[in-house]
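Subject: Structure handover

Hello,

Here is the structure for you to look over. My notes follow below it.

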Amino acid sequence: QVQLVESGGGLVQPGGSLRLSCAASGFTFRAYALGWYRQTPTNERAERELVAAIGSESATTNFADSVKGRFTISRDDAKNTIYLQMTSLRPEDTAMYYCSAYHYDGTRYWGQGTQVTVSS
(Lines give C-alpha, C1' and ligand atoms only; values in the text may rest on other atoms or scores of the structure.)
Protein backbone atom coordinates (compact mmCIF):
# COMPACT_ATOMS: atom_id res chain seq x y z
CA GLN A 1 0.00 0.00 0.00
CA VAL A 2 1.40 3.35 -1.08
CA GLN A 3 1.60 5.99 1.61
CA LEU A 4 2.97 9.50 1.80
CA VAL A 5 2.60 11.02 5.25
CA GLU A 6 3.47 14.66 5.82
CA SER A 7 4.36 16.17 9.18
CA GLY A 8 5.89 19.31 10.63
CA GLY A 9 3.24 21.86 9.79
CA GLY A 10 1.85 24.31 12.30
CA LEU A 11 1.49 27.92 13.30
CA VAL A 12 4.56 30.14 13.01
CA GLN A 13 5.16 33.87 13.19
CA PRO A 14 6.30 35.83 10.15
CA GLY A 15 10.04 35.47 9.74
CA GLY A 16 10.04 32.09 11.42
CA SER A 17 11.03 28.67 10.13
CA LEU A 18 9.48 25.25 9.77
CA ARG A 19 10.73 21.92 8.49
CA LEU A 20 8.24 19.68 6.77
CA SER A 21 8.84 15.96 6.40
CA CYS A 22 7.14 13.37 4.24
CA ALA A 23 7.63 9.69 4.96
CA ALA A 24 6.96 7.39 2.03
CA SER A 25 6.32 3.68 1.73
CA GLY A 26 4.93 1.13 -0.69
CA PHE A 27 6.86 2.05 -3.83
CA THR A 28 10.45 2.30 -5.08
CA PHE A 29 11.17 5.68 -3.55
CA ARG A 30 14.58 6.29 -5.13
CA ALA A 31 13.16 5.93 -8.64
CA TYR A 32 10.76 8.82 -8.23
CA ALA A 33 11.14 12.55 -8.50
CA LEU A 34 9.63 14.32 -5.54
CA GLY A 35 7.89 17.60 -4.98
CA TRP A 36 6.18 19.80 -2.46
CA TYR A 37 3.00 21.59 -3.52
CA ARG A 38 0.68 23.95 -1.74
CA GLN A 39 -2.93 24.99 -1.96
CA THR A 40 -4.34 28.08 -0.32
CA PRO A 41 -7.43 27.89 1.85
CA THR A 42 -9.15 30.72 0.01
CA ASN A 43 -9.59 28.81 -3.19
CA GLU A 44 -9.71 25.07 -2.83
CA ARG A 45 -10.55 24.72 -6.52
CA ALA A 46 -7.26 26.27 -7.54
CA GLU A 47 -4.56 24.00 -8.80
CA ARG A 48 -1.90 23.06 -6.37
CA GLU A 49 1.15 25.25 -6.80
CA LEU A 50 4.51 23.56 -7.19
CA VAL A 51 6.74 24.93 -4.43
CA ALA A 52 9.88 22.83 -4.85
CA ALA A 53 10.96 19.69 -6.65
CA ILE A 54 13.93 17.36 -6.55
CA GLY A 55 14.90 14.73 -9.07
CA SER A 56 15.88 11.16 -8.40
CA GLU A 57 19.35 10.87 -6.81
CA SER A 58 19.03 14.58 -5.91
CA ALA A 59 20.32 15.38 -9.38
CA THR A 60 18.30 18.55 -9.84
CA THR A 61 16.15 20.89 -7.81
CA ASN A 62 13.84 23.70 -8.76
CA PHE A 63 11.77 26.19 -6.84
CA ALA A 64 8.88 28.54 -7.35
CA ASP A 65 10.12 32.11 -7.71
CA SER A 66 8.22 33.09 -4.58
CA VAL A 67 10.28 30.77 -2.38
CA LYS A 68 13.74 30.90 -3.96
CA GLY A 69 16.37 31.67 -1.39
CA ARG A 70 14.01 30.85 1.48
CA PHE A 71 13.06 27.19 1.00
CA THR A 72 15.26 24.14 0.54
CA ILE A 73 14.18 20.69 -0.59
CA SER A 74 16.08 17.51 0.15
CA ARG A 75 15.56 13.77 0.16
CA ASP A 76 16.97 10.86 2.12
CA ASP A 77 16.60 7.73 0.03
CA ALA A 78 17.80 5.55 2.91
CA LYS A 79 14.88 6.76 5.01
CA ASN A 80 12.36 7.17 2.17
CA THR A 81 11.76 10.71 3.35
CA ILE A 82 11.44 14.12 1.71
CA TYR A 83 12.08 17.37 3.52
CA LEU A 84 11.16 20.98 2.95
CA GLN A 85 13.08 23.48 5.05
CA MET A 86 11.23 26.78 5.09
CA THR A 87 12.78 29.98 6.43
CA SER A 88 11.80 33.65 6.46
CA LEU A 89 8.18 32.60 6.31
CA ARG A 90 5.58 35.11 5.17
CA PRO A 91 1.82 35.26 5.66
CA GLU A 92 1.39 34.46 1.96
CA ASP A 93 3.10 31.11 2.56
CA THR A 94 0.03 30.04 4.51
CA ALA A 95 -1.39 26.98 2.78
CA MET A 96 -1.90 23.26 2.93
CA TYR A 97 1.35 21.65 1.86
CA TYR A 98 1.38 18.33 0.03
CA CYS A 99 4.23 16.06 -0.91
CA SER A 100 4.11 14.16 -4.16
CA ALA A 101 6.12 11.45 -5.82
CA TYR A 102 6.08 11.05 -9.59
CA HIS A 103 7.63 8.70 -12.09
CA TYR A 104 8.47 9.27 -15.74
CA ASP A 105 5.87 6.63 -16.64
CA GLY A 106 3.18 8.99 -15.38
CA THR A 107 2.57 7.42 -11.99
CA ARG A 108 1.97 10.01 -9.28
CA TYR A 109 1.24 9.69 -5.59
CA TRP A 110 0.04 12.33 -3.13
CA GLY A 111 0.11 12.75 0.60
CA GLN A 112 -2.83 14.02 2.64
CA GLY A 113 -1.24 17.38 3.41
CA THR A 114 -0.04 19.35 6.40
CA GLN A 115 -1.26 22.84 7.25
CA VAL A 116 1.19 25.72 7.52
CA THR A 117 -0.11 28.98 8.95
CA VAL A 118 2.08 32.07 9.11
CA SER A 119 0.55 34.68 11.36
CA SER A 120 1.39 36.96 14.25
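First, a term: a nonpolar core is a set of buried Ala, Val, Leu, Ile, Met, Phe, Trp, Tyr and Cys residues joined through side-chain atoms within 4.5 Å. Buried means under 20% relative accessible area, exposed over 50%, and partly exposed in between (1.4 Å probe, protein chains only).

Some ground rules. This is a predicted model: local features need pLDDT of at least 70, side-chain atom pairs count only at pLDDT 80 or more, and totals for chains, interfaces and linings use all residues. Numbering runs from 1 along each chain as its sequence is written, and side-chain values use heavy atoms, with hydrogens and water left out.

The core

The largest nonpolar core has 28 residues. Those with the most contacts inside it are Trp36, Phe71, Ile82, Leu84, Met86 and Tyr97. At least two residues of this core come from each of strands S3 (18-25), S4 (33-39), S5 (49-54), S7 (71-76), S8 (81-86), S9 (95-102) and S11 (114-118). Strands here are DSSP runs (E, at least two residues), and helices are H or I runs of at least four, numbered from the N terminus.

Take Ile82. Leaving out residues up to four places away in sequence, Ile82 touches Leu20, Ser21, Cys22, Phe29, Leu34, Trp36, Ile73, Ser74, Arg75 and Cys99. Contact means heavy atoms within 4.5 Å.

The whole chain

The chain has zero helices and eleven strands. Its radius of gyration is 14 Å, close to the 14 Å that the globule rule gives for 120 residues, so the chain is as compact as a globular protein of that length. That radius is taken over C-alpha atoms, and the rule is 2.2 Å times the number of residues to the power 0.38. Of the 120 residues, 41% count as buried. Among contacts between residues at least 6 apart in sequence, 54% join residues at least 24 apart.

Two residues to check

Tyr98 sits in strand S9. Tyr98 counts as buried because its relative accessibility is 10%. Its C-alpha atom is 8.2 Å from that of Gln39, 59 residues away along the chain.

Ala64 lies in the loop between strand S6 (61-63) and S7. At 16% relative accessibility, Ala64 is also buried. Ala64 touches Glu49, Leu50 and Val51, again not counting residues up to four places away in sequence. Val51 is 13 residues from Ala64 in sequence and 5.1 Å away in space, C-alpha to C-alpha.

Best wishes
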